[in-house]
Amino acid sequence: MLVATLSKRLLRVGQAKRCGLSLRSFSDAKDKDLVLTSIDGDTGVATITMNQAPVNSLSLEMCQAITTAIKEVESQPEIQSLVLASSLPGVFCAGLDITELHKPDEKRLTDFWHSFQQIYFDLYGSRLATIAAIAGHAPAAGCMLALSCDYRIMVSGAGSKKPSTIGLNETKLGIVAPSWLGYQYIDTIGQRQAELGLSLGLLHQPEQALAIGLVDELVPREEVLSRAQAEAVKWGKIPAKARLASKMLARKARLDHLAATRKEDNDFFRSFVTNETAQKIIDGYLQSLSKKKS
Ligand SMILES: CCCCCCCC/C=C\CC(=O)SCCNC(=O)CCNC(=O)[C@H](O)C(C)(C)COP(=O)(O)OP(=O)(O)OC[C@H]1O[C@@H](n2cnc3c(N)ncnc32)[C@H](O)[C@@H]1OP(=O)(O)O
């Protein structure tokens with residue numbers, strides 16, 4: 001019953017229903033599309049699926065595509081809830097695209113961080129109820145995408161030889177999560193667990209993530225998406241204004257703070273990343289990622 005469509009050609013639910021499109025999929029969704037958006041014509045739940053093989057890493061273009069997709073869904077008043085998912089079997093999102101940080105062009109680096117900040121504004125501050133369907137690894141900025149949602153459903157690790165992991169592992173890489181991301185962590189899992197996780201750069205297996213409140217539910221792999229969509233239906237039925245006001249009670253001060261310090265944050269990021277020591281770390285990390293493969 002899904003209406004699959006490119007994010008640029010998102011259909012209004014009413015239109016889709018009138019055209020009978022909820023019964024068929026568009027065939028022009030191409031592999032090169034970084035993000036796919038679909039709407040369930042019956043429930044009005046939108047699903048944004050990250051589709052950037054091999055690992056959905058957040059390049060400048062990927063960040064922009066996510067923001068565009070969120071804005072397109074938000075512009076449709078009949079839609080109240082959104083699922084964020086991945087089309088890749090073992091990865092939700094591998095975090096920032098490290099190649100963006102390696103020997104960067106300063107203008108592109110500035111735009112890149114700006115577009116990453118923008119996802120925080122658009123997803124963490126969304127009027128929509130947002131559910132993360134985490135059917136794979138979600139390190140660092142991948143974890144940030146999940147933290148920016150209202151509810152997190154992760155694939156269970158039970159019986160898996162190589163369970164997926166989630167967390168802010170920046171410290172292990174020798175870099176530091178920005179304060180706004182650190183506060184998302186603290187606000188979600190509490191001061192002590194966040195201190196431990198941030199200091200040690202911990203990546204949590206699903207059962208640990210559930211135990212510390214980093215995710216809200218674990219389900220078998222094949223159920224992650226359908227369970228997230230069912231949860232989105234539930235959230236979409238809560239009176240929208242009251243739900244948004246409650247969300248903003250918890251998040252507005254954080255969002256306002258980054259809005260007020262956005263340029264400063266970007267300047268700090270740029271000087272941090274372009275520093276010689278950081279470049280050595282990034283270079284080494286990129287090599288270790290490709291060595292892992294060989
Ligand atoms: C204000 C201060 C600012 C300071 C800056 C701090 C910014 C802080 C915010 C966020 C930080 C980040 O997000 S950094 C990114 C952190 N991410 C990771 O550490 C994850 C790295 N990747 C993995 O661990 C694994 O790839 C995986 C577990 C996600 C998946 O494993 P799998 O075995 O399925 O895949 P491979 O490892 O073989 O990878 C396939 C392919 O993808 C490349 N790859 C992986 N991750 C990234 C990435 N994040 N960016 C770019 N490229 C990535 C990997 O090298 C392989 O490439 P090749 O096939 O070409 O070898």
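Just after α6, glycine 190 takes a positive phi of about 90°. Helices here are DSSP runs of H or I with at least four residues, strands are runs of E with at least two, and both are numbered from the N terminus. Keep in mind that this is a predicted model: local features need pLDDT of at least 70, side-chain atom pairs count only at pLDDT 80 or more, and totals for chains, interfaces and linings use all residues. Residues are numbered from 1 along each chain as its sequence is written.

**The whole chain**
- The protein chain has eleven helices and nine strands.
- Of its 294 residues, 41% count as buried. Buried means 20 or more other C-beta atoms within 10 Å of a residue's own, exposed means 12 or fewer, and partly exposed is in between, with C-beta atoms placed from the backbone.
- Take the contacts with a separation of 6 or more: 77% of them link residues 24 or more positions apart. A contact means that two C-beta atoms, placed from the backbone, lie within 7 Å.

**Helix α6**
- Which residues of α6 are buried? They are Leu181, Gln184, Tyr185 and Ile189.
- These four sit on the same side of α6, because they cover an arc of only 100° around the axis. That arc is taken from the directions from the helix axis to the C-beta atoms.
- The cover over the buried residues of α6 includes α4 (141-147) and α7 (191-200).

**Alanine 177**
- You'll find alanine 177 in the loop between α5 (170-173) and α6 (179-189).
- Why does alanine 177 count as buried? Because it has 21 C-beta neighbours inside 10 Å.
- Not counting residues up to four places away in sequence, alanine 177 touches Leu168, Glu170, Gly182 and Leu198.
- Alanine 177 and alanine 141 are 36 residues apart in sequence, with their C-alpha atoms 8.9 Å apart in space.

**The nonpolar core**
- The largest nonpolar core holds 75 residues, and Ile131, Ala133, Ile134, Ala146 and Ile166 touch the most other members. Such a core is a set of buried Ala, Val, Leu, Ile, Met, Phe, Trp, Tyr and Cys residues joined through C-beta atoms within 7 Å.
- Leaving aside neighbours within four places in sequence, isoleucine 166 has contacts including Ile134, Ala146, Leu203 and Val215.

**Around the ligand**
- The ligand is surrounded by 30 residues, and the closest are Gly95, Leu96, Ala140, Ala141 and Leu289. To be near it, a residue needs its C-beta atom, placed from the backbone, within 6 Å.
- The elements that give two or more residues to this shell are α5, α10 (240-274) and α11 (276-293).
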